[in-house]
Amino acid sequence: MHPSGADLPDSLGVAKRFDACIDRQIELSLALEALADSLPSRVDTYAAMILMDRLTTTLKRCHRLEETMVFPVLRISCVDVGPILERLRIEHVEDEDHAADLRDALEAFATHHRTAAADELGYMLRGLFTALRRHAAFDKDHVLPLYRRSCGP
């Protein structure tokens, strides 16, 4: 039982899962960068579509873990954390929307293999992997340690 009196989830297990989610998002951002670097002529479109499916699934699963297991603990334990958590929640929505738009653009590129669209696709890829890395770094450097401290020994 948390000092606030609230029943909290298995904090060690949640922290490990959250840390693993952050690592998976970083790995996926590296794969997105490699995909961007392969444009326009060296793209394995089948592998790219599998990557986008993995990305979409991972983002949804990791964001839900963060929002349903990590954020509630931080809301209880930390004063004035609400605006930060709301900003992070909005970033989750934006990242998931960006991933869906990117998937659509990649599908169109794969179907029509328009070299002219490669610049646009590269821009979209770089925008997403940059945002994912920035968010993952914040989670790794601030949110995860704060969660661990909030759950106590």
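**Figure 1. The structure holds one disulfide.** A disulfide here is a pair of cysteine sulfur atoms within 2.5 Å. The model is predicted: local features need pLDDT of at least 70 and side-chain atom pairs count only at pLDDT 80 or more, while totals for chains, interfaces and linings use all residues. Residues are numbered from 1 along each chain as its sequence is written, and side-chain values use heavy atoms, with hydrogens and water left out.

**Figure 2. Cys21 and Cys62 form the disulfide.** Their sulfur atoms are 2.5 Å apart. Cys21 lies in helix H1 (residues 11–37) and Cys62 in helix H2 (residues 45–77), so the pair ties together parts that are 41 residues apart in sequence. Helices (H or I, at least four residues) are DSSP runs, numbered from the N terminus. The torsion about the S-S bond of Cys21 and Cys62 is about -90°, so this disulfide is left-handed. Cys21 is buried, with a relative accessible area of 4%. Cys62 is buried too, at 1%. Buried means under 20% relative accessible area, exposed over 50%, and partly exposed in between (1.4 Å probe, protein chains only).

Figure 3. Cys151 is in no disulfide. Cys78 is buried at 14% relative accessibility. Cys151 is buried at 17%.

**Figure 4. Helix H2 carries a kink at Val70.** The kink is about 35° and lies shortly before the proline Pro72. The bend at a residue is the angle between axes fitted to the seven residues ending there and the seven starting there. How far apart are the end C-alpha atoms of H2? They are 46 Å apart, which agrees with the 48 Å that its 33 residues should span at 1.5 Å a residue. The expected span is 1.5 Å times one less than the number of residues.

**Figure 5. Asp44 makes a contact at the start of H2.** A side-chain oxygen of Asp44 reaches to within 3.2 Å of the backbone nitrogen of Tyr46.

**Figure 6. The charged end of Arg87 sits over the ring of Phe138.** It is 5.1 Å from the ring centre. A charge sits over a ring if NZ of Lys or CZ of Arg is within 6 Å of the ring centre and within 35 degrees of the ring normal.

**Figure 7. Leu28 is found in helix H1.** Leu28 is buried, at 2% relative accessibility. The C-alpha atoms of Leu28 and Thr111 are separated by 23 Å. Along the chain, these two residues are 83 residues apart.

Technical notes
Helix = DSSP H or I, 4+ residues; strand = E, 2+ residues; numbered from the N terminus. Polar contact = N/O pair within 3.5 Å; in protein donor to acceptor, adjacent residues only side chain to side chain.
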